[in-house]
Amino acid sequence: MATTRIGLDRLPAAARAAVEHHTGPLITVVEATEGFNSEIAARVTSAAGAWHIKGLRTDHPRAWTQRREAATAPFLAGVAPALRWRVEAAGWDLLGFEALDGHHADYAPGSPDLPEVAALLRRLAETPCPDVDLRHAEQRLELYAARPDDLRFFAGGHLLHTDLNHANVLVNDHAPHGDRARLVDWAWATRGAAWLDAGYWVIWLIAAGHTPASAEHQAAEMPAWHTAPAEGITAFATANRNLWDEIATADPDPWTLRLAAAAASWHHHRRAA
């Protein structure tokens, strides 16, 4: 469920002062229109630079997502924006990330962003999983797998993002080829099998207009994909079909229904293979 967004100007004075201790007086504040997890999300500038700020109240039910992002950020060089500072003041937990230039990735068939996203996921697959508190993929999918034994396919020791929404991938066309994409929003960082992020990408690719076969072809750009047994991929497609059915039933809006349809399409493709 989406978190209600508020403006940076509604922060308590003490929280705003704690931010400006790091930034100096703010000159511009542009509230973000994408994302679902943060109460505060804005790109800000001052005479000293620019930052992307994310924040939640410390008593928010998802306050753990801020802690997880702060814990994983130091290990994500070359994959995600750098965390420059963190403040906890006046009941708020606020993270200040480097402000990235770029556009949200285009996942449509033929998009020039696709090779950049594939390169990003390859870099992520090579990133060591830090010793921080993360949920395990088999735990997250436990209620959705067709059989308990299927959960073994999802277990592993790799760092995963798991939310490959195109809005979580920023592509800078002015950066060198092969290093243009970065992943933001690590609230759902997870430990699991190396190939799972490619699988999560498949669903978003189908939602963007790919056939299931075309989406799997893109996933195959990741070496980790080839380590997955066929029955494991099918089990993952089944679990995600069940997951998105639940999400779309509880919160039926255009984007959840589109993802549920994409997950169902992939599930049918895998069962027919």
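Q: Where is Ala90 found, and what makes it partly exposed?
A: In this predicted model, Ala90 is found in the loop between β4 and β5. Its relative accessible area is 44%, and since buried means under 20% and exposed means over 50%, a value in between is called partly exposed. The backbone of Ala90 also has a phi near 50°, which is a positive value in a residue other than glycine.

Q: Why does Asp185 count as buried?
A: Asp185 has a relative accessibility of 12%, and because the cut-off for buried is under 20%, Asp185 falls in that class. This residue lies in the loop between β10 (181-183) and β11 (190-192), and its phi, near 65°, is again a positive value in a residue other than glycine.

Q: How do you know whether Asn168 is buried or exposed, and which residues does it touch?
A: The relative accessibility of Asn168 is 6%, and because buried means under 20%, Asn168 counts as buried. Asn168 is found in the loop between β8 (158-160) and β9 (169-171). Leaving aside residues up to four places away in sequence, Asn168 touches His161, Asp163, Arg182, Leu183, Val184 and Asp185.

Q: What makes helix α2 mostly covered, and what covers its buried residues?
A: Helix α2, which spans residues 63-72, has 7 of its 10 residues buried, and is for that reason described as mostly covered. The buried residues are Ala63, Thr65, Gln66, Arg68, Glu69, Ala70 and Thr72. What covers them includes the strands β3 (49-57), β4 (83-89), β5 (92-98) and β7 (135-136).

Q: Which residues make the contact between α5 and α7, and how many of them are nonpolar, polar or charged?
A: From α5 the contact is made by Leu196, Gly199, Tyr200 and Ile203, and from α7 by Phe236, Asn240 and Trp244. By class, this contact has 5 nonpolar and 2 polar residues, with no charged residues; Gly counts among the polar ones under the classification used.

Technical notes. Residues are numbered from 1 along each chain as its sequence is written. This is a predicted model: local features need pLDDT of at least 70, side-chain atom pairs count only at pLDDT 80 or more; totals for chains, interfaces and linings use all residues. Side-chain values use heavy atoms; hydrogens and water are left out. Buried means under 20% relative accessible area, exposed over 50%, partly exposed in between (1.4 Å probe, protein chains only). Helices (H or I, at least four residues) and strands (E, at least two) are DSSP runs, numbered from the N terminus. Contact means heavy atoms within 4.5 Å.
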